[in-house]
Amino acid sequence: MIKINFCLVLFFSCLLFSCAQQNADESETLVSTLEEFNTAVSDAKPGSVVIMANSVWENVQLVFKGEGTEKKPIILKAEKPGGVIISGSSSLKLGGNYLEVRDLYFTNGHTPDKSVIQFKINDDVIANNSRVTNCVIENFTQPDRDTSDHWVEFWGRNNTLDHCYIAGKSNTGPTIRVFLKGNEHVTNHHQIINNYFGPRPRKGGPHGETLQIGDSYTSMTPSYTNVSHNLFDRCNGEVEIISSKSNFNTFSKNVFFESEGSLVLRHGNYATIDGNVFIGNENSANIGGIRVINTGHWITNNYFYKLKGEKFRAPLAVMNGIPKSPLNRYNQVTDVVVAYNSWIDCYTPWHFGVGSNIEQREVLPASEIRSARAERMLLANNLIYNEKIMPVIKQYDSIDGIQFKNNYLGGKAENLQNISGIEASTITIAEKDKFLYVPEQKLDTVYNGFDFETIATDLFGNSREKEKRVGAILSTSQKDEPFVEFSRYGPNWFSPIKEKQDRESIYIADEQELMEALKNAQAGSVFILESGNFTLNESLAIDKKITLKAKDTANAAHLYFKTKNKPAFRMHPEGKLKLDGLIITGDNQEEAIGTLENNMSSAYNVFIANSHFENFKSILKSSKSSFADTIQIKKSTFKNFEQGIQLAQETDDTGKYNAEFVTIQDSRFENITGTVIDYYRGGYDESTIGGNLKLTGNTFTNSGNSRETTLLIKNRGIVYVTISQNNFRDNPVDYIAILWGVKGQKPLNNTISNSGAFKIVENLEQKLMY
């Protein structure tokens, strides 16, 4: 009996010790300062949980180092999801094994390093098998738009970014970057899953990708990165939303929503692109799909809806390569399969020979000429349907290396080349959900190509084993949730939807009221200016959406600016200025509109309507590194200026420019001494929209009359230029504008009197950037 009791005591003692040891290993430590954080991390063991107290953690460089285990990771989390706000000059670095970061919110700051979150502390302490989940990085952008960084850097192996919301990066550099420099970082099997990649604004230059995997010089390296079940919502930074630059990457079940770019297989081989959804709209011609370069890719079960992009942004863009291409240029497309995809109401869905530039050989070296056409490429069992009369294919070179098998064509889409393997058929499509249309016909004659049995399911996971049907979708009967549902992605505690508040109009009687109202203004404020004179001795700072509008356009408010060489309106990041029905006069010493000289971290916008400007040095003058998304002028007059609109500060010839959309309609420009518009983009770069200038219905009189001015409108390097139905009268210049012929630029229906002429240069010589 005594022996039995002793054994029981020993058993329970061991059990209690084991539980105590487990509790010790899984200890939770609440920290409120950086010193407490560092101590807790230093003491952490497998199973430890370091909890950051709810508050604003400002100017903290967090280093999270430890050795967890697969079953007992070391966890760093917020006391309450979203309760820890990391701001100011801050960053987070991870190093070790089996680390997990949860629930942090990075906002109102920027990294002092090259990354916000980095799976590496230094070259000797790298994170592996670690995870960042349920976190937010929002508007954590550099003060200077030209400063380069990444918001998440992947290093090591088997690391995961999941259920995060990341949005608002406006400075140089991909938002997410996967590095493969060294054996410890290759064959990494990183997981980028279930994230919400929110809007990335247009950048006005290259290096604005949302995700880049590898680089040119590691592009032949195996990565095996998996990018799945993510939402890319209006990621407009540049032409490449995703830039895949390594081998064996997988992109599946992602939604690309109204994003002005493409999923680009830029370098590297053997990518799998399966079951993705690309949603466009009627408004933007810059929303793309998939761009193909290199070899061995399988593109299957993808759904494309209302994509209007062309060339680099086409729904399917197959590029020409450069013979014997160096690593950082374009390899030939070979051995690519495109099967069981659906294109619904896409403008000319297939573009082949994209980037063919043989006609530019006079201004480019032989090493830049893309003449290697796609070979051994197969398109099979695809569905195309268009309500509008549109060609299926646009080819820029021969397509004799491409096979077409059992592709079905419906609606008003046209097979103009009469290519065998693209079969016109009577097809009716039914709306199953918002954005989702499927054919009512079965279309079950399919091509059974090599390895096609590996395409085992459709877009929704339905088995293809028994049912045969072309296109991405066999059946929608198993679908019990919306086709595109934003709430599936990102953290469960965060909503990116901001409440819009309607602002009541505020009536302003004099300059004192106006200055005071602007100091207290909220985004979206509308100020109605009473008739009369407003004399202003200070610049009006515009750092949010502000509208200034005349109460009585017949007896408009008159703003007199005497600001001593400072602009009348000073644009700040996020500033959006709307002027309507006003008379605005200077004393010939200031710019009408100018930007900050430095720290223009994000885009500004200017909208002018029904207004009269007179006696300023310039209409608008941008600073280097500033960027306007939109400058729009309608039914307005500009008289007696030294210069007009100056958007030519980016002279480094690296593909950058100072504004994306410049639209001027039904307006008058009179006695502008110098150039009326100076809008510049330099460098041989194709990774951006490239600038848009649209001049329609305007009158230009007695302008460009300084001795140095030979051009009335300068638009060198701007890709999209429309000059139509304008009246040019008595402008003593040699040329109105020099247009870029290869981009299809030509003047239309303009009236010219004593104003020089238009000149068209077919091939514009530009500085090579690579």
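Predicted model: local features only at pLDDT ≥ 70, side-chain atom pairs only at ≥ 80, totals over all residues.
Let's start at Asp653, which counts as buried at 19% relative accessibility, because the cut-off for buried is under 20%. This residue sits in the loop between strands E58 and E59.

The stretch to treat separately is residues 6-25, where pLDDT stays under 50. For that stretch the model has 6 contacts beyond four places in sequence.

Look for Asn588 in the loop between strand E53 (583-585) and strand E54 (593-595). Asn588 is partly exposed, with a relative accessible area of 42%.

Now back to the loop between E58 and E59, since Glu650 lies there too. The side chain of Glu650 meets that of Arg145 in a salt bridge, 3.8 Å from N to O. Arg145 is in the loop between strand E14 (136-138) and strand E15 (150-154), so the pair ties together parts that are 505 residues apart in sequence. Are these two partners buried or exposed? Arg145 is buried, with a relative accessible area of 2%, and Glu650 is buried with a relative accessible area of 2% as well.

Two other salt bridges are worth a look. In one, the side chains of Arg373 and Asp397 meet at 3.7 Å, N to O. This pair links distant parts of the chain, 24 residues apart: Arg373 is in the loop between strand E36 (350-354) and strand E37 (377-380), and Asp397 is in the loop between strand E39 (393-395) and strand E40 (402-405). Arg373 counts as partly exposed at 30% relative accessibility, whereas Asp397 counts as buried at 17%.

In the other, Lys551 pairs with Glu530, with the closest N and O atoms 3.3 Å apart. Lys551 is in the loop between E49 and strand E50 (557-561), while Glu530 is in the loop between E46 and strand E47 (532-536), 21 residues away in the chain. Lys551 is partly exposed, with a relative accessible area of 49%, and Glu530 counts as partly exposed at 24%. Some bridges also join up: Arg145, Asp146, Lys624, Glu650, Asp652 and Lys656 form one network through salt bridges that share partners. Over the whole structure, a search finds 27 salt bridges.

The largest pocket has a volume of about 2000 Å³. Which residues lie closest to its centre? Of the 46 residues lining this pocket, they are Asn139, Pro199, Arg234, Lys498 and Glu574. Several strands each supply at least two lining residues, among them E9 (104-110), E17 (165-167), E52 (576-580) and E55 (604-609). Strands E46 (525-529) and E49 (545-550) each supply at least two as well. By class, the lining has 15 nonpolar, 19 polar and 12 charged residues.

The second largest pocket has a volume of about 1300 Å³. Its lining is made up of 48 residues, and Lys311, Ile689, Val719, Tyr720 and Lys743 lie nearest its centre. Strand E59 (659-665), strand E62 (692-696) and strand E65 (720-724) are the elements that give two or more residues to this lining. The class count here is 17 nonpolar, 17 polar and 14 charged.

Finally, take a look at Lys500, found in the loop between strand E44 (436-439) and strand E45 (506-508). Lys500 counts as exposed at 83% relative accessibility, because the cut-off for exposed is over 50%. To get a sense of distances in the model, pick Lys500 and Met769: they are 269 residues apart in sequence and 43 Å apart in space, C-alpha to C-alpha.

Note on methods:
Residues numbered from 1 in each chain as written. Heavy atoms only, no water. 1 Å grid on protein atoms, 1.4 Å probe; cavity = no way out; pocket = protein on both sides within 12 Å on 5 of 7 lines; lining within 4 Å. Points joined across faces, edges and corners; volume = space filled by probe spheres on them. Helix = DSSP H or I, 4+ residues; strand = E, 2+ residues; numbered from the N terminus. Nonpolar A, V, L, I, M, F, W, Y, C, P; charged D, E, K, R; others polar. Salt bridge = Lys/Arg side-chain N within 4 Å of Asp/Glu carboxyl O. Buried < 20%, exposed > 50% of the residue type's maximum accessible area, 1.4 Å probe, protein only. pLDDT = per-residue confidence, 0-100. Contact = heavy atoms within 4.5 Å.
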